[in-house]
Amino acid sequence: MASKQLQRVDDADTMRQAEVQGMSMEDRNMVEDMIADYGMDVETLPHTAPPGEEGFEFSHAGGEYEAFEGLTSQIAEISGCRYIDHWTCHDRTENQTGHWSLQLDLLVDAYLNYHSCSSKNGMPTFDEPPMEPSSNDTQCVSLSNIELVDLFGSGYIGCSPMYPTVAISLHTLAAYRQIHQTCPRFSIQAQCKSLCFLHDIPYRPYLCMQFSAAYDIYLEIIHSVDKQLKAALKHDTPDWRLLNSCPACCYKLQDEPALEFDWLISIDGNNSLKHWDSTIYGTTAHTDSRKARSDYWIAPSVVDRFKAEVKAREKPSNPDDWEDEPVDANHSLTCIGCWRNAGPNTHKKMFSVFDKSGIFIAACRHHFILLACDMIRSGELAKYPLALVNKLLTVYGKNGACAYDIGCMFSKTLSNSTLGPRAAELNFRMMLMWHPMYILGTGHSEGEGCEHIFSTSNELARSTQHASPFHRHQAIEEHFAFWDTDKYAVLSNFLWNHYREAAKQISVLAAELAVIQSTLGLTDADFSRFLQEEHDYLDGLKQPPETDCLSVQYIEVLDKFAERRADWDSAREAANNLLVGIAAGSLDQMNNVLAQAHIQVDLSYAKLQYAEVLVAHIKTHLAVDARWEIGSREYNHFKEEVSLSKYRSALDDLERLVVMRLFELSKLSLSGTGYKLRQQIGKALQQQSEAIRNAINRYNVQAAALNPPRQKVTWKDIADYGFLGAFNLLRYSRSDIRSSDWATPAH
């Protein structure tokens, strides 16, 4: 009996201790006081902290944590022992990624099971307890299968792969993903601050890290589900996305008429999505083994295969050309001197603070994104478009075309690269010489599809410039995927609207064209002739005719020859009059004066002979029988041409500055232009205003030197220019084309 009684007492004590352990600290103190009042043994009570209250308690006044840190520091100094954490940020990231990878299959199964119970409104309904996902994986050491199911059954995902203490709702993650896709400016920090204010709690920076960790694994789960779906639908074959991204470009109908171009793309670079190099802070770069999930990207190693395509042909002495070859006389106007990205590769340097200076993309004519690559520590080098064109030729094959804002220069680079024979064999063409509206087969395509994409991707810059390389790629991929999905959703309306607009324009313009042809007596062939004449005229403006250049040089040499003859005559006359002012008997002075006069006469005569040789040399090249006399008809004609060339140079300089001013003024009214950018634009306008005033003075000097003098320009005239069409570029050109048919407004 005694032994049984002792056993019952022990059982009661064990039960009491178990109940006390489950109490809060306040309830436990009350129980201890009650037990002490009855004289019971307090030493037998457990002293372990209750669940959820194991941490250090802080008062509202604060200061306990600092005191505890000071105490531990003193103990470490006395004992000589100090804990050093050898784990880097890279180690922690890799450790977390590895543990998430072990759980990924279970997480995907649990996620699919969670969505299988959806009530079509985003909220799950369980008629019976959720089933445990079937898996034989025994390597999951962080959470049990039951914990995983409970986590997703309630619609939450942990912020850590092992022993999570914070979980975030799947609805919150899904809502943030959709908001971020539609509004790229909305960052994780903005989301966390919104949630903190919504729940009336103070914001802490570590919340962003927790949310980011949960969002990363959420996107990884979504990506794994998409992979399974693509595998089931047989959409996981190589280059499947490129071959099916745009139905209008990729799908062919039966008996479909052949088009001028089987595929038409546009390529361009953008430096808004730069990435800040973290090593400039003196810290180790944050490396991450996680890679881009999509096939949008062309790897840097593939891009670098083309890095030597231009380097071997650059001419360092000429900063205005990409290559060492002369400009083809049959080639159209180039824009090397006008476009910054058409300059030499050696000049395309990016600030050293950025390890990635932007992105380079390719898009189809319906604005679907096809390919992208990072521009690494450089500007728009030739290797980036070459790498993209190489991939597109491999996937799409022959009879393609490409629009590029420096296509005139890139066409030459492409033809001289290793891709040149292949591009010629596949009939790949650059849209050159004219606006796409003049090229048969381009339709309404303006060749600026990439600019439409950049207009929205620029919003990502604020949240990606200081992100890790993985998170930067992840944000860009999410934006690209949403862009393509959105374009696919409205593709039918896009095609219908453009078809209706084209049909309307054909109907209206055909009637108007018939009236114009009848009134002016023109035929269809005249329009092609006008276009060719305009092209020939503008193509001839690249440089003056060789005969005109020699004639202008001949005039300059004749003027120099006349100047040298006048100097020689002056030197001889001065030598003849030297002895008049010298007193008789000063033989040394007379010898010195005669020696100096002899030197001056010989030197002026040598210069005269050199000028005469140049005159004879140019005269031979011009095939002129008799030397032109100063004041003759030929001399006066080309003398005026010399003055006009200086005038045109001053006019071009003035025009360039005014056009720059108009572009800067247009930026001031753009939405999204920040305060700092407006301040910089304002300072630039002030500097340009001073430069424009100087250019006006130079222009007026050259205008007054003409015969007859041209009208002077004032600052008020320049300030009144509100659009680029205010410049009449052809009025004072080398040839007066104002009477040509193609130059008149009626034609």
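Which side chain makes a polar contact with the side chain of Asn390? I looked it up: the partner is the side chain of Arg422, at 2.7 Å. A polar contact here is a pair of N or O atoms within 3.5 Å; within protein, one must be able to donate a hydrogen and the other to accept it, and residues adjacent in sequence count only if both atoms are side-chain atoms.

**Ground rules.** I am working with a predicted model, where local features need pLDDT of at least 70, side-chain atom pairs count only at pLDDT 80 or more, and totals for chains, interfaces and linings use all residues. Residues are numbered from 1 along each chain as its sequence is written, and side-chain values use heavy atoms, with hydrogens and water left out.

**Asn390.** I found Asn390 in helix 13, which spans residues 383-396. Helices (H or I, at least four residues) and strands (E, at least two) are DSSP runs, numbered from the N terminus. Is Asn390 buried or exposed? Asn390 counts as buried because its relative accessibility is 18%, and buried means under 20% relative accessible area (1.4 Å probe, protein chains only). Setting aside neighbours within four places in sequence, I noted Phe306, Leu419 and Arg422 in contact with Asn390; contact means heavy atoms within 4.5 Å.

**Whole protein.** I noted 25 helices and 9 strands. Of the 747 residues, 34% count as buried. Among contacts with a separation of 6 or more, 72% join residues 24 or more positions apart.

**Helix 16.** Next I turned to helix 16 (residues 449-457), whose buried residues are Gly449, Cys450, Ile453, Phe454 and Ser457. They lie on the same side of helix 16, because they cover an arc of only 130° around the axis. That arc is taken from the directions from the helix axis to the C-beta atoms. What covers these buried residues? The cover includes strand 3 (263-270), strand 6 (358-364), strand 7 (369-375), helix 17 (461-464) and helix 18 (469-489).

**Cysteines.** A disulfide is a covalent bond between the sulfur atoms of two cysteines. I searched the whole structure and found 0 disulfides, counting a pair of cysteine sulfur atoms within 2.5 Å as one. Cys159 is buried, with a relative accessible area of 8%. For Cys364, the closest cysteine sulfur is in Cys246, at 3.8 Å, which is also too far for a bond. Cys364 is buried as well, at 4% relative accessible area.

Conventions
Buried means under 20% relative accessible area, exposed over 50%, partly exposed in between (1.4 Å probe, protein chains only).
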